[in-house]
Amino acid sequence: MFRAHSLLWHYLWVGPNLFLLALGWLLSKRGLHRRFPAFFAFATLGAVSELAVYLADVSPSVSPETFWYVVWFSLLVEGPLKFALIGEIFAQVFDSYTSVARLGRQLIQGLGVFLVLTAALLAAYAPMDNTLGIIAGAHLLEQAIYLVESGLLLFIFLFAGYFSLRFSRPGLGIALGLAISACVHLASWAVLANGGLPDSKRNILDFLNMATYHACVLMWFYYLLVPEKAVAKSAVPLPENNLAVWNRELERLLQQ
Amino acid sequence: MTLAIVLVVAAVIALILILRGAVSSSVQVSADATLAPQIQPIDVEAFRNLADSAEDDYLRRRLPASELRRVRRARLRALAVYVQVAARNAAVLVSVGQSALNSDDSPTAAAARELISDALQLRRNAVFALIRIYVALAWPNAGFVAAPVLDGYRHLHGSAMRLGRLQNPSIPVRISFS
């Protein structure tokens with residue numbers, strides 16, 4: 001069952017990307033592509049580049065070397081798209097609050113530089129899992145992209161949590177899906193790129209990655225297209241006793 | 001293989017922290033009603049006394065060096081507690097403000113925006129103040145500044161009372177900065 005080119009393998013590679021293209025189409029139909037332009041670009045271009053890799057893999061006319069060039073091209077397309085998407089998530093959460101947006105931007109830029117350097121260092125010291133540089137390099141590039149992506153998303157969640165800032169519902173869905181996918185991929189690519197696993201065991205990690213990505217695509221569908229349950233929500237009133245205490249303290253302060 | 005294990009552990013920890021953040025962000029939305037009672041009142045006069053550098057200078061003139069260090073450390077520890085409580089209150093007020101942000105009443109929404117902005121600023125300043133306090137604890141001759149937190153807290157009082165008055169017009173609010 002967990003073999004390359006099994007029916008499940010074909011479905012898990014093609015299915016999520018077709019779903020993602022459908023999500024992109026639905027977003028543009030509902031005008032949501034203007035609200036989430038980076039996610040729209042990620043959904044459409046990312047899915048197309050993944051499908052191109054799939055076609056290169058299954059097409060007998062494509063040589064192994066060409067296949068790896070397509071993989072590299074896909075990584076070079078998806079990497080910047082993911083970082084643009086992370087920028088969009090950050091902007092959605094923090095840009096309306098100028099008092100923390102600037103600090104957050106400085107911190108995330110610094111963290112980004114630190115993570116890129118760390119990823120480069122880890123790649124430099126990683127044992128090559130393949131004698132062909134084009135294959136080992138692609139694995140290390142995947143690991144580097146997921147390392148930086150996970151670190152930046154973790155920062156956004158921690159920073160928002162510290163300041164008690166809420167994500168919008170679609171924003172939370174996008175960030176959570178991307179973060180789950182990045183962390184699971186980071187763990188499995190770390191093993192694939194550094195662990196020297198036999199091919200039979202590599203397939204299991206491939207399936208884990210593909211299944212996780214599929215779950216994340218379904219999560220994006222849910223958070224972006226299913227409307228939030230209408231809960232009768234009233235503003236939280238500040239309690240009378242607190243106002244009274246605060247007034248008293250303030251009076252004492254002003255009377256000095 | 002060691003590198004792989006380190007990265008796998010890092011990814012698992014990151015995933016746990018992210019899921020915790022996501023869950024608490026979702027829970028926040030449904031737990032709005034329990035927010036306001038979480039605010040802890042602060043004795044602003046005592047806070048001001050502790051943050052006042054003139055008080056510090058006075059103690060320096062009156063006390064011998066060893067006694068001064070002991071008293072100063074005790075004052076810094078107390079100040080750190082006040083700053084932490086102020087920061088926690090600010091976090092609660094961010095959530096209170098976010099609940100009022102989508103109000104149909106535009107003055108209430110504007111007051112909520114102002115409250116969030118003041119609370120975020122205070123929470124940010126609290127981090128820097130705490131760092132300075134802990135540096136001063138480790139090195140008693142270092143200067144420390146908690147005045148931005150105290151000033152921020154005063155602004156926050158004003159913003160919170162303005163929002164409270166708009167949400168509960170029946171409650172008499174005797175003093176405001178508006």
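**A loop residue and its helical setting**

Author: Ser164(A) counts as buried because 24 C-beta neighbours lie inside 10 Å. A residue is called buried if 20 or more other C-beta atoms lie within 10 Å of its own, exposed if 12 or fewer, and partly exposed in between, with C-beta atoms placed from the backbone. The model is predicted: local features need pLDDT of at least 70 and side-chain atom pairs count only at pLDDT 80 or more, while totals for chains, interfaces and linings use all residues. Residues are numbered from 1 along each chain as its sequence is written, and chains are lettered from A and ligands numbered from 1 in the order in which they are written.

Ser164(A) sits in the loop between helix H5 (133–162) and H6 of chain A; helices (H or I, at least four residues) and strands (E, at least two) are DSSP runs numbered from the N terminus. Its phi is positive, near 60°, although the residue is not glycine. Most residues other than glycine have a negative phi. His5(A), likewise not a glycine, has a positive phi of about 70°. His5(A) lies in the segment before helix H1 (7–29) of chain A and counts as exposed, because 9 C-beta neighbours lie inside 10 Å.

Chain B has 6 helices and 0 strands, and 38% of its 178 residues count as buried.

Elsewhere in chain A, helix H2 (residues 37–58) and helix H3 (residues 64–94) pack at about 165°, with axes 9 Å apart. H2(A) is therefore roughly antiparallel to H3(A), a term for angles over 145 degrees. The contact of H2(A) with H3(A) comprises 15 nonpolar, 5 polar and 5 charged residues. Here Ala, Val, Leu, Ile, Met, Phe, Trp, Tyr, Cys and Pro count as nonpolar, Asp, Glu, Lys and Arg as charged, and the others, Gly among them, as polar.

Note on methods. Axes fitted to C-alpha atoms, helices over the stretch in contact; angles between N-to-C directions. Parallel < 35°, antiparallel > 145°, perpendicular 65-115°, else oblique.
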